[in-house]
Amino acid sequence: MEFKIDATSHHKARACTIKTAHSEIKTPVFMPVGTQATVKALDANDLLSMGAKIILGNTYHLYLRPGSKLVKKFGGLHGFSKFPNSFLTDSGGFQAFSLSDNSKPDENGIMFKSHIDGSKHYFTPQSVLDTQYDLGSDIMMILDDLVALPNTKERIRKSIERTTKWAQEAITYHKEQQAKGIGIDQNIFAIIQGGTDKEFRKMSAEQLCALTDFDGFAIGGLSVGEPNQDMYDTVEWTTDFMPLDKPRYLMGVGTPEDLIENIERGVDMFDCVMPTRNARNGTLFTSIGRVNIKKAMYKEDASPVDEECDCYTCQNFTKAYLNHLFKANEITYFRLASMHNIRYYLNLMTKARKAILADNWIEFKKEFYAKRGK
């Protein structure tokens with residue numbers, strides 16, 4: 001991976017370039033979530049037409065179905081899905097934690113039951129990397145010990161200790177595998193934990209960032225129900241302990257407002273299911289705020305979803321048509337709505353980057369909120 005800071009603007013906002021084996025990624029970047037090697041309702045051509053340079057796949061889900069060996073047989077995620085640009089794969093730790101009623105971490109890994117058939121599986125720092133080598137992702141996330149919040153200080157401290165231990169094991173294993181010719185073009189990120197406690201976040205960040213062989217660092221365990229301001233304050237604090245010369249990834253965040261606030265706090269990379277999930281439920285993101293396309297007021301509305309948007313949906317269809325498709329439960333609605341929401345997010349990141357490059361972040365942020373009446 002090549003990483004370069006192209007410009008900085010107000011406070012910590014920065015525009016960077018990340019080069020992987022499969023694409024050049026301009027940051028800030030939003031990564032559409034393609035959990036099952038597909039972004040729901042869309043294919044590779046749709047994503048390419050929207051300008052997506054990197055999408056996210058999930059190790060937990062792909063390990064269970066169809067299995068990483070099958071994906072490898074078809075040329076990894078790139079060959080299997082035909083999306084030629086970069087993939088980032090999550091380690092699956094979050095899914096093992098959140099989707100299973102019976103997941104149990106110990107000092108060496110996580111035992112969990114499949115949400116599909118109840119079968120038992122065990123993830124270790126090494127095994128999740130083996131799965132990701134098969135998947136052929138450009139950026140691999142390591143296994144971390146995730147805890148529900150709120151929690152006791154003892155449990156959060158234990159989570160940090162385990163996460164650091166597993167990170168050390170993962171980076172050692174990765175370097176050993178690369179020496180054997182495995183995962184040569186694959187990069188590895190560690191995940192900082194610690195809840196919203198400043199001292200715990202500092203502890204986790206300092207321990208992990210001392211492991212200098214990592215290609216980048218993520219902030220995990222946020223956007224799980226805590227107040228937005230607590231999330232922003234935690235990111236503000238944590239980025240101070242992260243290296244300037246490596247990518248910073250905030251996992252699972254979030255709304256357009258969340259992206260703008262956290263770009264200002266020094267984050268480069270984001271992912272979230274929100275644009276596609278909300279699209280399927282009838283909520284569309286626009287430059288002036290959210291549109292609930294289900295409302296009767298749109299039944300005869302001849303305008304596009306967003307006058308400022310250049311997506312396929314806005315260039316060709318009306319709110320009235322989308323309102324009709326949603327109410328008729330037509331599959332085409334999911335595609336058109338998802339295309340719009342993802343393109344809106346990608347365009348927002350492009351505009352944020354331009355503002356950083358022009359060093360007028362404050363004006364850009366004011367305009368962003370003014371259009372929303374905030």
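The model is predicted, so local features need pLDDT of at least 70, side-chain atom pairs count only at pLDDT 80 or more, and totals for chains, interfaces and linings use all residues. Residues are numbered from 1 along each chain as its sequence is written, and side-chain values use heavy atoms, with hydrogens and water left out.

Start with helix H6 (residues 125-135) and helix H7 (residues 153-179). Helices (H or I, at least four residues) and strands (E, at least two) are DSSP runs, numbered from the N terminus. The axes of H6 and H7 come within 9 Å and cross at roughly 45°. Axes here are lines fitted to C-alpha atoms, for helices over the stretch in contact, and angles run from 0 to 180 degrees between N-to-C directions. The angle makes H6 oblique to H7. The cut-offs are under 35 degrees for roughly parallel, over 145 for roughly antiparallel, 65 to 115 for roughly perpendicular, and oblique for the rest.

Which residues of H6 and H7 make the contact? From H6 come Pro 125, Gln 126, Leu 129, Asp 130 and Tyr 133. H7 supplies Trp 166, Glu 169, Ala 170, Tyr 173, His 174 and Gln 177. Contact means heavy atoms within 4.5 Å. By class, the H6 contact with H7 has six nonpolar, three polar and two charged residues. Nonpolar covers Ala, Val, Leu, Ile, Met, Phe, Trp, Tyr, Cys and Pro; charged covers Asp, Glu, Lys and Arg; the others, Gly among them, are polar.

H6 is mostly covered, with eight of its eleven residues buried. Buried means under 20% relative accessible area, exposed over 50%, and partly exposed in between (1.4 Å probe, protein chains only). Among the buried residues of H6 are Val 128, Leu 129 and Tyr 133. Just after H6, Gly 136 takes a positive phi of about 75°.

Now turn to helix H10 (residues 256-264) and helix H15 (residues 361-370). Their axes come within 12 Å and cross at roughly 165°. That makes H10 roughly antiparallel to H15. The crossing of H10 and H15 is left-handed. Pro 256, Glu 257, Ile 260, Glu 261, Ile 263 and Glu 264 in H10 meet Trp 361, Phe 364, Lys 365, Phe 368 and Tyr 369 in H15. This contact divides into seven nonpolar, no polar and four charged residues.

Next, the rings. The structure holds 16 aromatic pairs. Rings of Phe, Tyr and Trp (its six-membered ring) pair if their centres lie within 6.5 Å; planes under 30 degrees apart are stacked, over 60 edge-to-face, and the rest tilted. Tyr 63 and Phe 123 pair edge-to-face, at 5.1 Å centre to centre and 75° between the planes. This pair links distant parts of the chain, 60 residues apart: Tyr 63 sits in helix H2 (residues 59-64), Phe 123 in strand E9 (residues 120-123). Tyr 63 is partly exposed at 27%, whereas Phe 123 is buried at 2%. Phe 368 and Tyr 369 also pair edge-to-face, at 5.1 Å and 80°. Phe 368 is buried at 6%, and Tyr 369 is buried at 17%. Phe 30, Phe 285, Tyr 344 and Tyr 345 form one aromatic cluster.

Finally, Ser 9 lies in the loop between strand E1 (2-8) and strand E2 (14-19). Ser 9 is buried, at 8% relative accessible area. Not counting residues up to four places away in sequence, Ser 9 touches Ala 355, Ile 356, Asp 359, Asn 360 and Trp 361.

How values were computed: Left-handed = near helix turned anticlockwise from the far one by under 90°.
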